Amino acid sequence: MNDIRQTQPALLYVDDEELGSKYFARMVGADYEVLLASNCEEAIAILQRDNARIAVLVTDFRLPGRNGGDLLRQVALEYPHIVRLMVTAYADIDVLRQLVNTGAVFRILEKPLRRASVSDTLQMAIERYHERAIQNQRLPPT
Amino acid sequence: MSISQLHTGYETELADFRVTFSRGGAYTAIVLVLLGVGLDYARYPQLQTSFAVARLLVSLLIGGIVMMLGTALGRRLSPWLTLSWLLLPQAMISWMIWQTDGAQSPYYMGLNLAIFASGIALPFGLWQNLVFGVLSCFLYLLACLLPPHGVVPTGTMTVNVLLLLFAAAASAVYTFFNERVRFMLFRLKAEVSEKNAQLEVNNRKLLDIKGQLLQQEKMAAIGTLAAGLLHEVNNPVNFCLMAIEVASEEPAAKAEPALLECLVDAKQGMQRIQHIVSDLKTFAYRKPGAEAEVGTPFLFEKALDSAIRLVAYELRGVAVTRELPADTLVQGDEAAIIGVLINLLSNSVLAMRNAGTSGPAIQISVKWSEQRLHVTVRDNGPGIADENLARVFEPFFTTRDVGQGLGLGLSISYAVVERHGGLLFAESELGSWTSFSFDLSRAP
């Protein structure tokens with residue numbers, strides 16, 4: 001059990017909707033370990049503790065207090081190795097455009113979340129995470 | 001209005017006035033000429049018969065001129081015709097003077113009377129009055145000087161001629177001022193009617209602005225509501241759909257077709273809710289500066305889908321047919337155009353429902369023509385009466401009962417289409433059909 005967990009990259013899912021978190025975890029829980037947070041502060045606390053094993057951050061845009069965009073920007077600065085995804089029902093194009101163009105977000109998942117697209121996107125995110133990890137290992141020239 | 005324009009208008013109006021006055025004056029002249037038999041009876045009883053014949057003849061001639069005034073030609077020549085009939089009694093009086101005592105005859109008073117009357121009662125110009133006065137004098141002189149009057153009492157004649165000339169001058173001056181007053185009155189009238197027209201235009205503009213403000217407020221309220229709804233509804237819809245998907249993958253569900261069917265139906269319902277909510281999205285994210293939105297490209301077909309979905313409840317039982325070209329990319333404010341479509345569709349449905357149309361149907365046909373997409377929404381409802389058809393776009397015009405709407409819908413739709421450089425127009429045949437059409441420009 002522990003061995004599998006070690007090799008399985010973990011996801012951090014941030015959503016204030018409890019049932020949203022529950023079913024997200026159920027939907028992808030078979031493939032990934034899912035850590036849950038219901039707001040930015042909780043998310044930051046989890047990241048401080050577990051950032052080494054978290055590969056992907058998935059956050060809702062609308063959160064109580066600081067919004068998801070804010071969290072993504074902070075994570076991009078402090079934990080750049082984590083691939084960042086955003087979930088939104090909000091077609092607030094200006095905010096999204098800015099997030100995408102500053103590189104704060106890797107992909108945007110639109111609500112309602114469908115299993116197929118979530119799996120595909122998560123797979124791409126994990127691949128991206130591995131690519132980065134390899135690049136980082138290569139950084140000091142051999 | 002410039003002074004020269006005013007003068008033209010004044011002359012036109014005066015033409016009618018002149019004909020009417022001339023006619024009235026002529027009738028008066030006929031009466032007075034005929035009543036003159038009383039004078040003849042008192043002063044020249046021996047000539048009673050021949051004078052009476054002359055009076056009758058002159059009356060008939062004046063009557064003839066009055067008849068000419070009624071024709072188009074007579075209308076144009078009215079000042080000259082007036083002068084002509086005025087000269088007839090003068091000629092008659094002069095003839096009578098010549099026939100009787102010449103300068104000694106008191107009938108010269110009759111000449112004076114006519115000169116005054118023409119100045120006061122007839123819309124004559126200064127020159128016409130002067131000419132009339134001088135001609136009257138000339139006739140009087142002839143009557144005094146022509147044989148058989150051998151010895152002329154120069155003193156009396158001079159006094160009478162001068163009095164005639166004075167009368168002419170006085171009535172000319174009177175005419176001059178009278179004319180000015182008349183013109184001033186006309187100018188005031190013109191100004192008042194111009195101001196009235198301006199007021200009417202302003203009123204209409206204010207009504208339009210009021211309608212637009214109400215519309216903007218309404219749109220803003222819908223926007224706020226839609227944004228809230230979007231968030232509140234979307235989240236539960238989101239996890240319900242996820243839950244249904246997770247449940248569908250459970251082995252128990254896969255093994256049990258009845259359960260799976262329930263899940264599929266539940267999913268379909270959720271998706272429908274999600275569609276409605278995402279249709280509201282167009283309203284929720286409207287930018288305040290609607291002008292900027294007019295240039296945004298969108299697929300008209302999608303807007304139509306949204307509109308039909310949003311009025312789906314009202315459209316129940318109505319056969320909706322659509323005819324669209326493959327490409328419907330236009331530019332404009334999508335939310336506003338959806339609003340126009342909703343307005344047209346719900347008007348149709350309401351009219352058909354109220355009239356109890358059997359087999360209600362709405363036909364939406366969309367065609368490209370000269371780089372513009374022409375949209376027609378046509379129903380087989382009760383139609384619109386001709387006298388109302390022209391007024392349907394007026395703000396606050398409604399044939400519905402009080403409380404059944406402000407009567408703003410179509411006026412706002414009209415303004416929306418106008419803002420898109422198009423035209424919204426209505427056609428109808430009472431008892432058969434109504435159609436509303438508008439056009440949008442192709443996206444660049």
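In which order do the five strands of the open sheet in chain B stand, and with what kind of pairing? The order is β2-β4-β5-β7-β6, and the pairing is mixed. This is a predicted model, in which local features need pLDDT of at least 70 and side-chain atom pairs count only at pLDDT 80 or more, while totals for chains, interfaces and linings use all residues. Residues are numbered from 1 along each chain as its sequence is written, chains are lettered from A and ligands numbered from 1 in the order in which they are written, and side-chain values use heavy atoms, with hydrogens and water left out.

**The sheet of chain B**

- Strands here are DSSP runs of E with at least two residues, helices are runs of H or I with at least four, and both are numbered from the N terminus; two strands pair if DSSP finds at least two bridges between them.
- β2 (319-323) and β6 (425-429) of chain B are the edge strands with a single partner each, so one side of each has no neighbour in the sheet.
- From one strand to the next, the twist averages 15 degrees (axes are lines fitted to C-alpha atoms, for helices over the stretch in contact, and angles run from 0 to 180 degrees between N-to-C directions).
- β2(B) runs parallel to β4 (residues 361-369) of chain B, joined by five bridges, and Val320(B) stands opposite Ile362(B) in β4(B).
- Helix α13 (residues 334-355) of chain B packs on this sheet, touching β4, β5 (372-379) and β7 (433-441) of chain B, and its direction makes about 145 degrees with that of β4(B).

**The sheet of chain A**

- Chain A has an open sheet of five strands too, in the order β2-β1-β3-β4-β5 with parallel pairing.
- Its edges are β2 (33-37) and β5 (107-110) of chain A; each has a single partner strand, so one side of each lacks a neighbour in the sheet.
- The twist here averages 25 degrees from one strand to the next.
- Four bridges link β4 (residues 83-88) of chain A with β5(A) in parallel, and Thr88(A) stands opposite Glu110(A) in β5(A).

**Where the chains meet**

- The contact (heavy atoms within 4.5 Å) takes 18 residues from chain A and 18 residues from chain B.
- Together the chains bury about 1900 Å², 58% of it on carbon and sulfur atoms; buried area is the accessible area (1.4 Å probe) lost when two parts are put together, summed over both.
- Tyr23(A), Pro112(A) and Arg114(A) supply 27% of the area that chain A buries against chain B, more than any other three residues.
- Two salt bridges cross the interface (a side-chain nitrogen of Lys or Arg within 4 Å of a carboxyl oxygen of Asp or Glu), and Glu249(B) meets Arg115(A) in a salt bridge at 3.5 Å, N to O.
- Helix α2 (residues 18-28) of chain A gives six residues, the largest share of the side of chain A that touches chain B.
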